Every structure is written in C-alpha cells, then in structure tokens.
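Colleague: I am new to reading protein models. Could we go through this one by question and answer?

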Amino acid sequence: QVQLVESGGGLVQAGGSLRLSCVASGSIRRFNVMGWHRQAPGKQRELVATITSGGNTNYADSVKGRFTISRDNAENTLYLQMSSLKPEDTAVYYCNALLITVLPARTSDYWGQGTQVTVSS
C-alpha cells in the first residue's frame, strides 16, 4: 500500500510564498514521474508541475517563473515552492506519483488527499 500525504497549505496574502510538501510511504521500488495538480472551486483539476526521475521539470504556463518543483529521493518527498502568489492560485493542491511498487511489482498512479491553498487579495 502506498500513501501520499501533503502538507504546507494555508492562507497567504497575494505576493506571499508557501512551500508544499508531499511525503510518499509504502512499498515503493522507484518513482517515475511525480507532480502537483490543483483544483479550484467549480473548475477542473489542472496540472501545475511535474518532475521526472531524471529531474526534468515541466510547468503550467500560469506558474512558470513563480513555482519550483523539486524532490528529495532519499526522503521520498516532493516539494512545491510557490512564490509571488496570486488570488487565482487559490485551490486544493494534490500530489501525484506514477511509481513502481515492490509487491505487487507494477506501475500505478497514486494521489494524495490534497491541501488547501488560499491567496487573499
């Protein structure tokens, strides 16, 4: 069984910063791609950023230059450093991981429960 647990969300003023963390635990052999998605009220879930096992990153245009995704492989932790936050960044942020488990030996997609980020104007 694999679990992804996010933390670090909260209320921040526009222009402020937050750092989200996602800790993965369980029978994990290797991570392929990890990422952050978000869902604002009344909107579809959207991709924010991804990072591959080789460290290649990809960002939504709306967050480029403001958000930075990173990972600590030794600690099985994914981060999202968010700066220059805007009210339109308000959403529930979800951690996602495409990974290979030990038992059973297979590739599966996992999601965390989400953490709320609210940016006030």
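Colleague: Which residues does Ser108 touch, not counting residues up to four places away in sequence?

Modeller: This is a predicted model, in which local features need pLDDT of at least 70, side-chain atom pairs count only at pLDDT 80 or more, and totals for chains, interfaces and linings use all residues. Residues are numbered from 1 along each chain as its sequence is written, and side-chain values use heavy atoms, with hydrogens and water left out. Contact means heavy atoms within 4.5 Å. Leaving out residues up to four places away in sequence, Ser108 touches Ala97, Leu98 and Leu99.

Colleague: How many Å separate Ser108 and Leu98, C-alpha to C-alpha?

Modeller: Ser108 sits in strand 10, where helices (H or I, at least four residues) and strands (E, at least two) are DSSP runs numbered from the N terminus. In sequence, Ser108 and Leu98 are 10 residues apart. In space, their C-alpha atoms are separated by 5.7 Å.

Colleague: Is Ser108 buried or exposed?

Modeller: Buried means under 20% relative accessible area, exposed over 50%, and partly exposed in between (1.4 Å probe, protein chains only). The relative accessibility of Ser108 is 16%, so Ser108 counts as buried.

Colleague: How many helices and strands does the protein have?

Modeller: Read along the sequence, the pattern is β-β-β-β-β-β-β-β-β-β-β. The secondary structure therefore comes to 0 helices and 11 strands.

Colleague: What is the radius of gyration of the protein?

Modeller: The radius of gyration is taken over C-alpha atoms, and the globule rule is 2.2 Å times the number of residues to the power 0.38. For 121 residues this rule gives 14 Å. The protein is as compact as a globular protein of that length, because its radius of gyration is close to that value, at 14 Å.

Colleague: Which residues does Arg66 touch, not counting residues up to four places away in sequence?

Modeller: Arg66 lies in the loop between strand 6 (57-59) and strand 7. With a relative accessible area of 12%, Arg66 is buried. Not counting residues up to four places away in sequence, Arg66 touches Gln81, Met82, Ser83, Ser84, Leu85, Lys86 and Asp89.

Colleague: Ser84 is in that list. What is its phi?

Modeller: Ser84 is found in the loop between strand 8 and strand 9, and is partly exposed, with a relative accessible area of 40%. Although Ser84 is not a glycine, its phi is positive, at about 50 degrees.

Colleague: Where is Asn76?

Modeller: Asn76 also has a positive phi, near 50 degrees, and is a residue other than glycine. At 23% relative accessibility, Asn76 counts as partly exposed. Its place is in the loop between strand 7 and strand 8.

Colleague: Is the peptide bond from Leu103 to Pro104 cis or trans?

Modeller: Pro104 is in the loop between strand 9 and strand 10 (107-111). The omega of the bond from Leu103 to Pro104 is near -5 degrees, and the bond is cis.
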